[in-house]
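Subject: Structure handover

Hello,

Here is the structure I promised to pass on. Please open it and keep it beside this email while you read.

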Amino acid sequence: MYYPVYRPRRLRKTETLRRMVRETTLHVDDLIMPLFVVHGRAVREEIAPMPGNFRLSVDELVKEVKEITALGIPGVMLFGVPEAKDAYGSEAYARDGIIQQAIRAIKDSISDLVVITDTCLCAYTSHGHCGVVEEGRVRNDPTLELIAKTALTQAEAGADMVAPSDMMDGRVGAIREALDENGFEEVPIMAHAAKYASAFYGPFREAAGSSPQFGDRRAYQMDPANADEALREIALDLEEGADIVMVKPALPYLDIIARVRAEYAVPIAAYSVSGEFAMVKAAARLGWLDGERAMLEALTGIKRAGADLLLTYFAKDAARLLTERR
Ligand code: PBG
């Protein structure tokens with residue numbers, strides 16, 4: 001095909017024509033909204049670097065989730081901020097921990113929403129790491145039991161899906177085993193399979209108060225320079241029983257999403273993280289770009305790369321625009 005026989009512009013002439021040949025369409029069903037839950041009542045505290053996102057007490061969370069459901073968004077991912085932290089992150093797996101309370105409250109008032117929980121210790125540990133720390137190092141195997149316990153208490157509270165984000169080796173298998181032994185064989189696992197040690201988590205750590213108090217997460221999260229390793233991580237999590245695999249962050253890792261898509265016929269989630277959201281919001285506030293268009297372009301790009309599910313702080317904004325357009 002070559003010019004002048006082939007003129008690509010012929011099919012770009014009008015919006016209706018463009019719509020006919022469009023290869024990727026964002027849909028509200030693709031979206032999952034991350035939410036932050038705190039102790040207390042009537043708390044609705046905006047997270048500074050994430051305008052429009054709040055730390056919500058359980059009562060406010062229920063209101064928020066009703067709004068999200070009304071917009072047609074099928075799922076939320078819950079992150080908890082505990083009352084107190086300790087070395088072993090015990091509120092993460094407490095029966096009446098903040099996440100467990102939040103799940104019960106949502107399930108009491110809304111039935112048709114997929115409640116996914118972040119299954120991790122970092123917001124609950126005094127040192128801010130995602131596992132058990134001994135002699136200044138994050139230990140892998142002693143952490144697995146705590147992660148599995150966390151997933152189990154979340155499932156017991158009514159979580160529809162658990163999403164381990166710690167990047168310990170073997171955690172998907174440990175969770176699968178704990179869930180199956182306790183009658184939760186039908187609760188799926190969305191594994192943060194290829195999660196990179198990223199600077200783009202900055203605003204989130206402020207929101208969740210989950211910054212490591214010493215060192216960083218590079219001894220467990222992936223090196224941003226590696227791609228083949230991501231495929232090994234995905235393979236491992238699938239063998240251990242992951243139902244959905246996630247790539248995180250999204251925008252700087254579109255090549256990873258595309259490679260996973262090419263290699264595996266499984267649902268792929270992409271987590272467009274707090275820093276990706278903050279970048280667009282900040283530039284839009286300064287008048288340096290059109291925030292709505294940038295949002296839709298970024299989300300479309302993530303889907304085009306091969307993601308089926310988009311975890312994004314833009315979920316509500318995007319859902320509103322997508323429904324208005326019909
Ligand atoms: C914790 C966790 C993090 C995010 C989700 N779960 C941060 C981290 O690993 O430090 C980041 C999400 C975001 O930035 O939006 N395991």
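Four cavities of 30 Å³ or more turn up in this model. Keep in mind that the model is predicted.

**The largest cavity and the ligand**

What takes up the space of the largest cavity? The ligand does. The volume of this largest cavity is about 160 Å³. Its lining has 16 residues. Lys195, Tyr201, Phe204, Arg205 and Lys248 lie nearest the centre of the largest cavity. By class, the lining of the largest cavity splits into seven nonpolar, four polar and five charged residues.

Now look at the ligand itself. There are 18 residues around the ligand. Those that come nearest are Arg205, Gln221, Lys248, Ser274 and Tyr313. In the shell around the ligand, 10 residues are nonpolar, three are polar and five are charged.

Which side chains have an N or O atom 2.8 Å from an oxygen atom of the ligand? Lys195 is one of them. Arg217 is another, also with a distance of 2.8 Å to a ligand oxygen. For Ser274, the distance from a side-chain N or O atom to an oxygen of the ligand is 2.7 Å. How much of the ligand is buried by the protein? On its own, the ligand exposes 400 Å², and the protein buries 100% of that.

**The second largest cavity**

The second largest cavity holds about 70 Å³ of space. Its lining includes Leu78, Phe79 and Gly80. Asp118, Cys120, Leu121 and Cys122 are also among the lining residues. Two elements each give two or more residues to the lining of the second largest cavity: strand E4 (75-80) and helix H6 (202-208). Which element gives the largest share of this lining? Strand E4 does, with three residues. By class, the lining of the second largest cavity has 10 nonpolar residues, one polar and one charged.

Next, a pocket. The second largest pocket has a volume of about 270 Å³. It is lined by 18 residues. Val138, Met168, Arg218, Ala219 and Tyr220 lie nearest its centre. Strand E7 (137-139) and helix H7 (228-240) are the elements that give two or more residues to the lining of this pocket. The lining of the second largest pocket counts seven nonpolar, five polar and six charged residues.

**Backbone details**

Where are the cis peptide bonds? One runs from Tyr3 to Pro4, with omega near 10°. Pro4 sits in the segment before helix H1 (15-21). Another cis peptide bond joins Lys248 and Pro249, with omega about -10°. Pro249 belongs to the loop between strand E10 (244-248) and helix H8 (254-263). Lys248 is also one of the residues that come nearest the ligand.

You can find Ala42 in the loop between strand E1 (31-38) and strand E2 (44-46).

Best wishes

Conventions
Residues are numbered from 1 along each chain as its sequence is written. This is a predicted model: local features need pLDDT of at least 70, side-chain atom pairs count only at pLDDT 80 or more; totals for chains, interfaces and linings use all residues. Side-chain values use heavy atoms; hydrogens and water are left out. A residue is near a molecule or strand if one of its heavy atoms lies within 4 Å of it. A polar contact is a pair of N or O atoms within 3.5 Å; within protein, one must be able to donate a hydrogen and the other to accept it, and residues adjacent in sequence count only if both atoms are side-chain atoms. Accessible areas come from the Shrake-Rupley method with a 1.4 Å probe; for residues, only the protein chains shown count as cover. On a 1 Å grid over the protein atoms alone, a cavity is a set of points where a 1.4 Å probe fits but cannot get out, and a pocket is an open set with protein on both sides within 12 Å along at least five of seven lines; lining residues have an atom within 4 Å of a point. A molecule sits in a cavity or pocket if more than half of its atoms lie within 2 Å of its grid points. Ala, Val, Leu, Ile, Met, Phe, Trp, Tyr, Cys and Pro count as nonpolar, Asp, Glu, Lys and Arg as charged, and the others, Gly among them, as polar. Grid points are joined across faces, edges and corners, and a volume is the space filled by probe spheres set on the points. Helices (H or I, at least four residues) and strands (E, at least two) are DSSP runs, numbered from the N terminus.
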